[in-house]
Amino acid sequence: MKYASTLTAIPAGGVDVILVRAEAVVRRGIPRWEMAANKTAMERIRAALVQCGYAIPFATVIAHLSPSQSARPGSHLDLSIAASILCALDALSAHSQQKLTEQLMLGEIALSGEVLPVRNCLALLLGARRRGVERVILSERQRSDAVLSGIEYTFIKTLSCLRNLPPSETSRHSLTIQKPELSLNHLNLSTDLKRALCISAAGWHSMLLIGPPGTGKSTVARQLAALLPPLNQDEALEVRAIEGFETSQTPASAIQEPVARPIRIPHHSATPVAMSGGGNPIRLGEASRAHNGILILDELAEFNRAALQALREPMSQAAIHVSRNAASAVLPANFLLLATSNACPCGNHGHTELKCNCNPLQIQNYFNRIYGPLSDRIALEVLVTRSLENQENGISAEFMLNAIKRATEVQQTRFAKETFRFNGQIPTARLLEFIPQSSEMKNVLDSLRGRTQRKLHGILRAARTIADLDGAEDVRAVHLLEAASFFCLELLRVNGRESA
Ligand SMILES: [Zn+2]
């Protein structure tokens, strides 16, 4: 009896994988091929091996995926199963066998023995690299997916190539990053709003725009993508991998198309699962589809409360944990939230000319809906009104882009050794390390009592970004005060109550 095993991977939701070993045992006996998890695969692999000229002995062949509870059968495991059977049959030289057991294999096998491309290969490769895999064998036709650095790739056409593996290669491609066009100059925006947009884009701080309809809230929201710093290669790879889940089969050419930060605008009728993902098999939600991009919630008060609650975990952890059967998966969900809202049900509350017809109770209820699940996770609240400023005198788009670029570079140095990239992503436990508090700052923080701890942390992170935009090394009280000034929800709510 001879045993052999090779390495492969199964998707674990998003851009993570579970590494599994495809095992094979050959023993003398009745000639039958068995695999409990996937019977049809064995017939296919056997036919393909014969087609490629391998001698099939009169013996029992048993294949198995280990660990078995996590291993759902999939055709992308074919190559690995076939390779371990060949090793167990001693059909390959000792040298080839040694090489095969060290590498991760992903490929479907056609009856002709051809190795076919697998679906969502980029997501599998990203997950495998995260799990420490350094060498991978893929179908020759999957060459365009081999865009990850840090991995050695071997491309094969058919199962015959396993006799003598071609030399490995490293990635020669990189993704082209697309930057959206900024067209803020023609919008008449208040200085306050422009400043808030700068802070949000430079430090990845979530934002809520409140104001009457017709003030261009949604247009401004879409412009935020153009202000954000460009994607880096790793972020772009994750975006492209997640896009791969949207289409059933990504054409080989699509991987070379430019990548942009995603912008997702879910409808307010979205269910909690549609927002956060889940189900069996696991599907990605809006939070993951907006990964490394912007999630726009237009008219926040109209959204289902449970759907907003589903966004709380990703807003603080940039990921969503879902469990499926015995296994659990972590879905990536590092999005920048941008919400918009009217100031009352009719929308005219706070308007200089139009009259609001809502009664105080209606306004109160409306604000309670916005105020509930997400408000203390939103760093910047901005009141949007029609600007009377002459745009010639205001801050220009070029000025904003330059300030954001500077602030991004400072953060790049600061977070060089971290897994996060922006001030808005500093974990709560490490706030003091990155934002030391002087006695002057403590006084300001004392004056902000009454706001939740989470809200104060958001203000501290935004203050770090304001200091970076101003080119200041240390965060000072003035930065903290400016960060705290983006706070209008509570004030509007109180006004609504008092006008009763
Ligand atoms: Zn109203």
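A residue is termed buried under 20% relative accessible area, exposed over 50%, and partly exposed in between, with a 1.4 Å probe and protein chains only. The model is predicted, so local features need pLDDT of at least 70 and side-chain atom pairs count only at pLDDT 80 or more, while totals for chains, interfaces and linings use all residues. Residues are numbered from 1 along each chain as its sequence is written, and side-chain values use heavy atoms, leaving out hydrogens and water.

The zinc ion has as protein donors (N, O and S atoms within 2.8 Å of the metal, or 3.2 Å for Na, K and Ca; water is not among the atoms, so sites may look incomplete) the SG atoms of Cys344, Cys346, Cys356 and Cys358, at 2.1 to 2.4 Å. Angles among the four donor atoms are 103 to 116 degrees, and the site is tetrahedral, a term for four donors with all angles between 85 and 135 degrees. Cys346 and Cys358 both lie in the loop between strand 16 and helix 12 (360-371), so this pair ties together parts that are 12 residues apart in sequence. With 15% relative accessibility, Cys358 counts as buried, whereas Cys346, at 32%, counts as partly exposed.

Strands (E, at least two residues) and helices (H or I, at least four) are DSSP runs numbered from the N terminus, and two strands pair if DSSP finds at least two bridges between them. Strand 11 (residues 207-210) and strand 16 (residues 336-341) are joined by four bridges; Leu208 has Ala339 as its bridge partner in strand 16.

Note on methods: Four donors count as tetrahedral if all angles lie between 85 and 135 degrees; four count as square planar and six as octahedral if opposite donors are over 155 degrees apart and all others between 65 and 115; anything else is irregular.
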